[in-house]
Amino acid sequence: MASSMLASDVTPDTIVLEMSEHLGALAAAGEWDELEQLVARLQRAIVDVPERRRRDLARMLQERIAGITDEARRARGEVSRELTHLRRGRRATQAYGLT
């Protein structure tokens, strides 16, 4: 979270917002384990948000997480394609007796 934030500015709302902004950075960096942990912390943190704001924040988080889920699926597809390519290369190497 931003260290420049004043103590009076730290509210449950701002904590959730800051945490949610960090989700995108973790996804972009491929830090999936850390991202999963942050989502769990966010689920606990949103309970502290006043009820009048909770619904809006929950909707925003849901949309952000949906986008990150799409990104994770794309990343998984890329990894799967790369693994397929590596396996094909290994089988070719074995077929030519190069191992």
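User: Why is the pairing of arginine 73 with aspartate 70 called a salt bridge?

Analyst: The closest N and O atoms are 3.5 Å apart, and the rule asks for a side-chain nitrogen of Lys or Arg within 4 Å of a carboxyl oxygen of Asp or Glu, so the pair qualifies. This is a predicted model: local features need pLDDT of at least 70, side-chain atom pairs count only at pLDDT 80 or more, and totals for chains, interfaces and linings use all residues. Residues are numbered from 1 along each chain as its sequence is written, and side-chain values use heavy atoms, with hydrogens and water left out.

User: What makes arginine 73 partly exposed?

Analyst: Its relative accessible area is 49%.

User: Why is serine 20 called buried?

Analyst: Because its relative accessible area is 1%, and the cut-off for buried is under 20%. Leaving aside neighbours within four places in sequence, serine 20 is in contact (heavy atoms within 4.5 Å) with Leu42, Met60, Leu61 and Arg64.

User: How do you know that arginine 53 and aspartate 13 form a salt bridge?

Analyst: Their side chains meet at 2.8 Å, N to O, and the limit is within 4 Å, so they pass. Arginine 53 lies in helix α3 and aspartate 13 in helix α1, so the pair ties together parts 40 residues apart in sequence. Those helices are DSSP runs (H or I, at least four residues), numbered from the N terminus.

Conventions: Buried < 20%, exposed > 50% of the residue type's maximum accessible area, 1.4 Å probe, protein only. Helix = DSSP H or I, 4+ residues; strand = E, 2+ residues; numbered from the N terminus.
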